[in-house]
Amino acid sequence: LNIGNSNGTAFDGDVNFDANTLFVDSSTNRIGIGTSSPQYLLHAHKANTTGPTIELSNSEYRTYINAWGSTATAGRTNRLEINAGETNFAIGADTIRFQIGNVGDSNEKMRIASDGNVGIGITNPDRKVVIDAGAAYPLKLNATQDYLLGLARNGTEQWWLKAYTDG
């Protein structure tokens, strides 16, 4: 470890502060918070099931990014939450996009647009829910009773879709 030069303070080699509270791996140029073996450029680790949490804030607002991994009974298995405030889920963008695979519109599977329209298999929904399944059946309804779907007008069910079987 070298400290100091004519231009100011410099470090050469790994740096470990307070037993892995902050660790800099000089061989990989990675930073670990809570770990001495960072796997990525910035790797934050907390040895329990409720974190870690990253807080971004200014003088007025706070946003939290949480990585959860607690038990299935707690309902928070391996999920990422972005919280504005304390418990509200919010993403500040024109759309919320759900993608599988690499980034890009060709891998987008569902979108919630800024007007509240939802598209599944389509990136520009022009109704409250649009499903584009190509040649496949776009929707499967499964129920244990004969009536599969009730349609309402002004909050009152007026039409029903009923499944019949022969016999």
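From the N terminus on, how do the elements of the chain run? And which residues form the nonpolar patch on the surface?

Reply: What is shown is a predicted model, in which local features need pLDDT of at least 70 and side-chain atom pairs count only at pLDDT 80 or more, while totals for chains, interfaces and linings use all residues. Residues are numbered from 1 along each chain as its sequence is written, and side-chain values use heavy atoms, with hydrogens and water left out.

From the N terminus on, the elements run β-β-β-β-β-β-β-β-β-β-β-β-β, and the chain has 13 strands and zero helices; here strands (E, at least two residues) and helices (H or I, at least four) are DSSP runs, numbered from the N terminus. Of the 167 residues in the chain, 14% are buried, where buried means under 20% relative accessible area, exposed over 50%, and partly exposed in between, with a 1.4 Å probe and protein chains only.

The nonpolar patch on the surface is formed by Ile120, Val129, Ile131, Leu139, Leu141, Leu149, Leu151, Trp159 and Leu161, which together have about 770 Å² of accessible area. Two or more of its residues come from each of strand 11 (129–131), strand 12 (147–153) and strand 13 (156–162). A patch is made of residues with over 30% relative accessible area and no salt bridge, like charges being joined within 9 Å and nonpolar side chains (Val, Leu, Ile, Met, Phe, Trp, Tyr) within 5 Å, and the areas come from the Shrake-Rupley method with a 1.4 Å probe, for which only the protein chains shown count as cover for residues. One member, Val129, lies in strand 11 and counts as exposed because its relative accessibility is 55%.

Leaving aside neighbours within four places in sequence, Pro125 is in contact with Arg111, Ala113, Asn117, Val118, Gly119 and Val130, contact meaning heavy atoms within 4.5 Å. The C-alpha atoms of Pro125 and Ala113 are separated by 7.5 Å, although the two residues are twelve apart along the chain. Arg111, another of these partners, belongs to strand 9 (residues 108–113) and is also buried, at 9% relative accessibility. A polar atom of the side chain of Arg111 lies 3.1 Å from the backbone oxygen of Thr123.

Asp126 forms a salt bridge with Arg127, their closest N and O atoms being 3.9 Å apart, and a search of the whole structure finds one salt bridge, defined as a side-chain nitrogen of Lys or Arg within 4 Å of a carboxyl oxygen of Asp or Glu. Both partners are exposed, Asp126 with a relative accessible area of 53% and Arg127 with 55%.

Strand 12 and strand 13, which both contribute to the patch, pair in the antiparallel sense over six bridges, pairing being counted if DSSP finds at least two bridges between two strands. Within this pairing, Gly150 stands opposite Trp160 in strand 13. The hairpin of these strands has two residues between them, and there Asn154 takes a positive phi near 55 degrees. Most residues other than glycine have a negative phi. Asn154 counts as exposed because its relative accessibility is 76%.

Definitions and conventions
A polar contact is a pair of N or O atoms within 3.5 Å; within protein, one must be able to donate a hydrogen and the other to accept it, and residues adjacent in sequence count only if both atoms are side-chain atoms.
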